[in-house]
Amino acid sequence: MRGRAGLYGAVAAGGFRRYATYGTATAAGVFTNTVFGFILAYTYIALWDERPGLGGYDQSEALTFMWVSQALLSAGALIGGGFQEEFQERVRTGDIAVDLYRPADLQAWWLAGDLGRAGFQLLGRGVAPLVIGGLAFQLALPTDPLRWLLFLVSVFLGLVVSFALRYLLGLAAFWLMDGAGINLMATVVSIFFSGMLLPLTVFPGGFGEFVRLLPWAAMLQVPVDVLLGGGGGAADTAGALGFQAAWAVVLLGLGRLVQSAATRKVVVQGG
């Protein structure tokens, strides 16, 4: 058990170092996130000036929601940039056979690598835009260290949910062979249903309740609400974390079932 933990820890560290080598791309990403953040911030200000309290947030909370979303954007691979494209390419070329022969679990291997990538993106591309946003606008960031700790737990669970969804996209390549179309569809769904553009609490009625039950809400909406305090009670925070954990278990379990079907029935190209 200890040896396996060390193996996956090394894989995660390798994923972190791999993305840390792209300094120019990271700087460009920080610039892009910050500029896009300013554009959205002034859009939010105009919207909340017209509709104070929209979605249950005051203006400073709405701005906080937006800037924290920018901080989580790359870490959660909400608009691409994760591992799934590489995974799909390895399936297409047959290199996935090498992964299957490793003395390690396929899903755990890719999860560890993706968490390493996400850790770097969170630090490298997430912190700077949030700091800049905090200096330029009045944000409702908490001062309670426990609230930040709960937020980090929620972010971790959101990253696992994000991985689990994208792992299913990667596995789809065993049958589709070209993942470009499904990746594009997944990106559109992620943008709309994660809360990246607007908080999901803005959506009215039954539709709003429905989208807040989907796994994409666990990737962005829930972590930001945990940071902001949500309903304010410990029960609400526990329920939010439980919601994320439940989706992580369900999706990881589904991924294992699909993986089993793929590796049992699909012949690697050229083999």
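Biologist: Which helix gives the nonpolar patch its largest share?

Modeller: Helix H6 (residues 106-136) does, with four residues; helices (H or I, at least four residues) and strands (E, at least two) are DSSP runs numbered from the N terminus. Do remember that this model is predicted: local features need pLDDT of at least 70, side-chain atom pairs count only at pLDDT 80 or more, and totals for chains, interfaces and linings use all residues. Residues are numbered from 1 along each chain as its sequence is written, and side-chain values use heavy atoms, without hydrogens and water.

Biologist: Which residues form the nonpolar patch on the surface?

Modeller: They are Phe-16, Leu-123, Val-127, Val-131 and Leu-135, with about 490 Å² of accessible area together (Shrake-Rupley method, 1.4 Å probe, only the protein chains shown as cover for residues). Patch members have over 30% relative accessible area and no salt bridge, with nonpolar side chains (Val, Leu, Ile, Met, Phe, Trp, Tyr) joined within 5 Å and like charges within 9 Å.

Biologist: Why does Leu-123 count as exposed?

Modeller: Leu-123, in helix H6, has 54% relative accessibility, so Leu-123 counts as exposed (over 50%; buried is under 20%, partly exposed in between, with a 1.4 Å probe and protein chains only).

Biologist: Why is Trp-67 called buried?

Modeller: Trp-67 has a relative accessible area of 0%, so Trp-67 is buried. Trp-67 sits in helix H3 (residues 59-73) and touches residues including Phe-38, Pro-129, Leu-130 and Phe-137 (contact means heavy atoms within 4.5 Å).

Biologist: And what makes Ser-194 buried?

Modeller: Ser-194 also shows 0%, so Ser-194 is buried, in the loop between helix H8 (180-193) and helix H9 (205-211). Among the residues that Ser-194 touches are Leu-78, Trp-216 and Gln-221.

Biologist: Which backbone oxygen lies 2.6 Å from a polar atom of the Ser-194 side chain?

Modeller: That of Ser-190. The backbone nitrogen of Met-196 lies 3.3 Å from a polar atom of that side chain. A polar contact pairs N or O atoms within 3.5 Å; within protein, one must be able to donate a hydrogen and the other to accept it, and residues adjacent in sequence count only if both atoms are side-chain atoms.

Biologist: How far does helix H7 (residues 145-176) reach?

Modeller: Helix H7 has 32 residues and reaches 46 Å from first C-alpha to last, close to the expected 46 Å (1.5 Å times one less than the number of residues). At the start of H7, a side-chain oxygen of Asp-144 comes to within 3.1 Å of the backbone nitrogen of Leu-146. Just after H7, Met-177 takes a positive phi of about 70°.

Conventions: A salt bridge is a side-chain nitrogen of Lys or Arg within 4 Å of a carboxyl oxygen of Asp or Glu. Lists of a residue's contacts leave out its neighbours within four places in sequence.
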